[in-house]
Amino acid sequence: MKGIGVSPGIAIGKAFVIQKKEPSFIGILLTTPVEKVADTIRFDAAIKRAIHEVEQLKSTLSLSEEDSAILDSQIELLNDPEIRGNVIDKIEAQDKNANDALLEVIAGFVEVFESMDDDYMRARAADIKDIGNRILKNLNQSAENKQTTFEPGTILIAEDLSPSDAITLDVKNIIGFATQIGSQTSHAAIIAKAKGIPAVVGCGSALIEIKNGDAIILDGATGLLVVNPDKESINQHITKRDVFKEQAKHLKSLKDTPAITTDGTRIKLSANISNAGDWPAVFENGGEGAGLLRTELLFMGRDSFPREDEQFEFYKQVALHSKGNPVVVRTIDIGGDKHLSYFNLPAELNPFLGYRAIRICLDQKDIFITQLKAILRASVFGDLKIMFPMISNIHEIRLAKNILEEAKAILRQDRVSFKADIKAGIMIEVPSAAVTADLLAKEVDFFSIGTNDLCQYTLAADRMNEKIAHLYDPFNPAVLRLISFVIEQGAKQSIHVGMCGEMAGDPLATLLLLGMGLKDFSMSAALIPAVKQVVIDNSWEKAKGIWERVKGMHDSKDIIEYLTEFN
Amino acid sequence: MITNNYTILAPQGIHARPATMLIKLAKGFKSAISIKKDGKTVKLNSMLGLLSLNIKGGETVAVMIEGEDQVEAERAVNQFFNDYLKDL
């Protein structure tokens, strides 16, 4: 069985199935004013008791600030004049009894929230259902006997867990849970993650087949659920569980550890991302912003170029979810091996040396200016920087910057706000740019070294061609000299230098690059902890020494061998 | 009556937690306080009403305050939108 894994970890235990009674309509109409008054009083009393219940929950449990805030918002919802007002209206004007009136009012609000265009708000529908059920329970005085203590090693199986259910989970004995419905943002998911309990939600109706006492394996990362597994499968998962626990402990311990060398040099580790949805993984791995936002995703899988507003929305979402961290937005990098179905690029003999990236943008100004305007407009929502890819000479920088100024002028004229002093930089990925880094540094605010292309251009080795894969070698002294020169020139002219190519995420290269003076590494989020480990275990002095040694080596084979010793 | 416009500084917008705080804040004053987005106005005594406006980060809302303590209320509302929301 498979669901959505929302909280990683492996749980192996016994099922406990929570049955929920569906609230139902009574159908009786109230005929006399006395009955109506009686139901109004009954309803008010039910709300009072429901609030009392939640307050008791709050005071008897030691809750985290977040869990406590969830209960506060429940109390606020229970107190809500809109709910009460609408229920009383239905009792007064439509002769409904309190039970039915409440069910209708709750269903109405649930519909409103479920139709919102925001995952978070949609998930709030569950909160409203939850408080509805709580009032209903008190209205009907059915003292639902809730089991509150469980056998050790219990895996809860339920249709859904309400916030109050989830908060009061007996975490000592409950080692995991699975629900029929739910999503990444439902309370059950949020709380499972916060408490570190493996959980799978959205398993669907197949979950009802599970009976009390069934043996269960649950994998909260992949969403896998195995009922009554065989011995072999259990053993496999026990190993997997132990490995996960070790790793999780270790990585978690690094997440909030600043990336500082043993001699106090602060290193910035950020992530390469493709859209706003990548942020959670970045922060979970301790990333500080995005050293590269690829914008190609926005242009792919569609029939025409995205309009300015659509692009703006995309960049704005990235900015809004950045938690104030810097984001380097790379302007569109198409051509080469990246094609768009609606944009006809003629076939070329050497596409990587051809019409691509900034070359297209400078030639087809309308595409470029639309993107620049959208990025500029989004720049008020976060710390965005603009980066031009594939720069090979100074002329291209000047042209690109002129067009950027043009985009700003249009926005100014239209009285649209943007960050006027937005930083603009370039990718260093063409050898001619690397060799002239001293000249280019005077024109831009920052460099970001793209090692993938820099390596293939420097060595004239197509990295997709398996026959010459051995030639594509970032540890070749030629590549290392270029990288070192770029870092050195950046420092001399006091501009910021970062690296966003694959080399930045290779722990084998970390000390070498650090020794050259690189202090800003951007990579896939998942690679951050491993690179951080190298940073915090070593000193900058040692790294400098390593680069000094490597500088004197002639063959990348020796270099790799030497570096491997340190890992 | 005092009317002020605010841009929502919290990236996630007015979700449950800031909403709870804003409602609590509004209830602390005698003035009638309401909030308006896209032509829809709700009183700030209802969490559901507030949440149903689906106010997102970067959007602009208007807040109307009227009553004997409107000056003090305005100060508190200013602080909420300009400072508290920023730190979320």
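How many bridges join strand 11 of chain A to strand 12 of chain A, and do the two run parallel or antiparallel? Three bridges join strand 11, residues 383–388, to strand 12, and the strands run parallel; two strands pair if DSSP finds at least two bridges between them. Strands here are DSSP runs (E, at least two residues), and helices likewise (H or I, at least four), numbered from the N terminus.

This is a predicted model, in which local features need pLDDT of at least 70 and side-chain atom pairs count only at pLDDT 80 or more, while totals for chains, interfaces and linings use all residues. Residues are numbered from 1 along each chain as its sequence is written, chains are lettered from A and ligands numbered from 1 in the order written, and side-chain values use heavy atoms, without hydrogens and water.

Within strand 12 of chain A, A:Ala424 is the bridge partner of A:Ile386. Five of the five residues of this strand, 424–428, are buried, so the strand is largely enclosed by the rest of the structure; buried means under 20% relative accessible area, with a 1.4 Å probe and protein chains only.

I turn now to the interface. Chain B contributes 20 residues to the contact and chain A 23, contact meaning heavy atoms within 4.5 Å. The buried area is about 2000 Å², with 63% from carbon and sulfur atoms; this is the accessible area (1.4 Å probe) that the two parts lose on being put together, summed over both. Of the area that chain B buries against chain A, B:His15, B:Arg17 and B:Leu48 supply 29%, more than any other three residues.

Two salt bridges cross the interface, a salt bridge being a side-chain nitrogen of Lys or Arg within 4 Å of a carboxyl oxygen of Asp or Glu. B:Lys24 and A:Asp72 meet in a salt bridge at 4.0 Å, N to O.

Methods:
Buried < 20%, exposed > 50% of the residue type's maximum accessible area, 1.4 Å probe, protein only.
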